[in-house]
Amino acid sequence: MKKWVNRGIAAALLIMGIGGLAGCGNEKEAAKSDEKNVTIGVTSFADTLEPTEQYFGWVVSRYGVGENLVRFDKDGKIEPCLSEEWFVSDDELTWSFTIREDVKFSNGNEMTPEIVKASLERSFKLNSRGETFFKPESIEVKDNQLVIKTEKPSAVVPGSLADPLFLIVDTTADTDTFAKDGPICTGPYAVKKFNPTEDCELVKNEHYWDGEVPLDTVTMKCIDDQATRSMALQNGEIQVAYNLKTENLEEFKKQDDIKNMKLESLRSTYSFMNQNGPLKDLKLRQALIRGLDRETYTKKLLKGGATPGKAPIPPTLDFGFDELKDENAYDPASAKKILAEAGFKDTDDDGFVEMPDGKPLELEFVIYTSREELNIYAQAAQANLKDIGINVKLNTVSYETLLDMRDSGSFDMLIWNVLVANTGDPENYLRENWYSSSPSNQAGYKNEKVDKLIDELAVTFEEDKRRDLDIEIQQLIMDDAATVFFGYETTYLFYSDQVTGLELYPMDYYWLTKDVKFK
Amino acid sequence: MKRRLALLKTNRQLTISLVLLIIILLVAVFAEQLAPFDPLSADMNKSLTAPNSLNKFGTDKLGRDLLSRIIFGTRASLGSTVIMVGIIFILGTFLGILAGFFGGWVDHVIMRLADMMISFPGLVLAIAIAGVLGPNLVNAVIAITAVSWTKYARLSRSLVLRINESLFMKAALVTGTSNRRLMSHYILPNIFPPMLITAMTDMGTLMLEIAALSFLGFGAQAPAPEWGLMLNEGRTYLTTAPWLMIYPGLAMVIVVVTFNLLGDSVSDLLDTQN
């Protein structure tokens, strides 16, 4: 018997190996880790390194290439980076940032306030997401200061400028080459070679402003598959692995030289519901949300690797998670009742309900591959919704395709996993996803009251008032059953004990920093 | 009948593989009666339970019974393989006979088409086709069919060319037999045995190819119980829940070995008879 089991394992491994090979087709020799080269296993979603395209700036920032005027520290507080200090005028319309002197780009050019201005204007021009943070009326240079005027008072200007969309690039360099060869920035590392689906080779930035950079080269190796990434860390092909999950904890239990850290993260996983399709029916959306047993997903399926979701903002941030009333908590019986009342009936006896007008109902649920837990949420949702009679078809695509599908609105449900307080505050997150005219809101959600409150939030500076507004907005979104909130993931980082200086930041823009080095 | 029974007695390999095949077929046909649970019903509180007396092969991440899923998987895997081999066999042989019999431009068109298909690596082209058509089991079958018929076309063509030269064909031609009759009564019976052997021995390989496409996400889609897909789903839990890969892998090994054994014995049998 044992022999057969062993053979079974061997056969399974063999098949898996073949699959793996066919899947990537570019297996290379395991990178040799000599003294000063670290290889980091990452999941990648960037086709290019152009920081203004989609969310690709995140990758540039995570790779230690790009830096912003300000940055977030370990506690999510804003701290100086390329700007030494900043202040706002009394009318709360004018922000002045003192630009750090003696900062050079990786090509040796000096970073002047003029270039900073041009770089920020470039970000606003090239990415429509820019103006969802705040609308600048003018950006001007005064001595070594950058003066930003806004039309309306905006409390989130410094936090917004920490978003990787606004990382500072050398606009005097050939910006057309940024996409393929990497942007010219001020970070501790510079891009040497970039292969979108394979790896990104980084070299030390000789002109770095904040001390000596400890590593000569760093390779960011794209291993989208979780199991493969875990194995690469086990066999020493990579020294650091991002985005591993609870199930990997078990694998590394016996390996003493692999350490891990975790952080109750500020990421939220949710699914848009496209109101330009069958989901424009509020009753259907309510029933759908009530059909999902999110507590079991996070506790049992993800083995506690997440906390169950109900609201836009996770309980890790103090925005009234416990006060919010969730009328669409898990309740399959009432979900069925709502469906029946709204006229959804199974007329052809296939176990799935038809629309009130008799047409079959099939919801397309789009998910992407590089985050293993999304697949679990989606399949569990599919099984749960089958129980209440809603037919869901899964469509698994790459992250790049998912972005296109979201932008063109071609989905019924579409999974999304995002950092909630990307500006140190959830305002931008709420605006980006639920403001009716936001370019990212392609699900057709529109509630005038939500719009009004978000506008009000933007001009409110007082902490307590902001919190009240955030809570009110969340409650409205929940009452409208606008979005399925699955859960809030815990982030894990696994690394070899040879590497020190790694840190998990609540705003996960920072992976490779100047502190990462060999023991 | 008696002679056949005697044949089975002397040819142990054939007997064993036939018995196995019949068992597998029965499992596929009576999946509903055999499976202890609904392969799609998820009990998430039982996520990743190790094999026990209730769930003999354990459960998968959604708490679905693995044994039931493997039993139902027989339908998808076996069904799609048999249908696919059938289509490839008929299509390939038919085109091959046409090319060999008529020669000239018919031959050129068919064979150049075949050359074109052959010049791509099979699975890669299949992935491309399945990718364009959209991922599901039917499209996976279409994709593999599109790249696999050429083998049969080339083989049958070369066999036909040989038969064309034989005396009985010449005699038939002289007596004015119609083309249709020539193909169906003179050529087909003569090339049938070798073609059949090829089809039988190909069954295992082609089944693995379908599983490979499903494994890569281009074939069967969740939540369908299909072995390749199940292997892929279990991959994440290789160290924590190895049964997710062992049992579907084992099922696949058994079926493929059965097909290969059968193909082997049939080929021995027909060779000796010839």
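Trainee: Where does P223(B) lie?

Mentor: P223(B) sits in the loop between α9 and α10 (227–234) of chain B. Helices (H or I, at least four residues) and strands (E, at least two) are DSSP runs, numbered from the N terminus. A cis peptide bond joins A222(B) to P223(B), with omega about 5 degrees.

Trainee: How should I read the model itself?

Mentor: This is a predicted model: local features need pLDDT of at least 70, side-chain atom pairs count only at pLDDT 80 or more, and totals for chains, interfaces and linings use all residues. Residues are numbered from 1 along each chain as its sequence is written, and chains are lettered from A and ligands numbered from 1 in the order in which they are written.

Trainee: Is Q54(A) buried or exposed?

Mentor: Count C-beta atoms, placed from the backbone, within 10 Å: 20 or more others means buried, 12 or fewer exposed, in between partly exposed. Q54(A) has 21 such neighbours inside 10 Å, so Q54(A) is buried. Now take E92(A), which is not glycine either and has a positive phi near 60 degrees. E92(A) is in the loop between β4 (83–88) and β5 (94–99) of chain A. E92(A) has 15 other C-beta atoms within 10 Å, so E92(A) is partly exposed.

Trainee: At what angle do α9(A) and α11(A) pack?

Mentor: Axes are lines fitted to C-alpha atoms over the stretch in contact, and angles between N-to-C directions run from 0 to 180 degrees. Helix α9 (residues 282–290) and helix α11 (residues 332–341) of chain A pack at about 160 degrees, with axes 8 Å apart. The pair is therefore roughly antiparallel (over 145 degrees). K283(A), Q286(A), A287(A) and R290(A) of α9(A) make the contact with residues of α11(A), among them P332(A) and I338(A). Contact means C-beta atoms, placed from the backbone, within 7 Å.

Trainee: How many residues of each chain form the contact between chains B and A?

Mentor: Chain B gives 27 residues and chain A gives 28. On the side of chain B, α9 (179–215) and α11 (243–273) each give two or more residues. The largest share, five residues, comes from α11(B).

Trainee: Which domains does chain A have?

Mentor: Domain bounds come from an automatic or database assignment. Here the assignment gives domain 1 (37–239 + 498–518) and domain 2 (267–490). Their centres, over C-alpha atoms, are 30 Å apart. 25 residues of domain 1 touch 23 residues of domain 2.

Technical notes:
Parallel < 35°, antiparallel > 145°, perpendicular 65-115°, else oblique. Contact = placed C-beta atoms within 7 Å.
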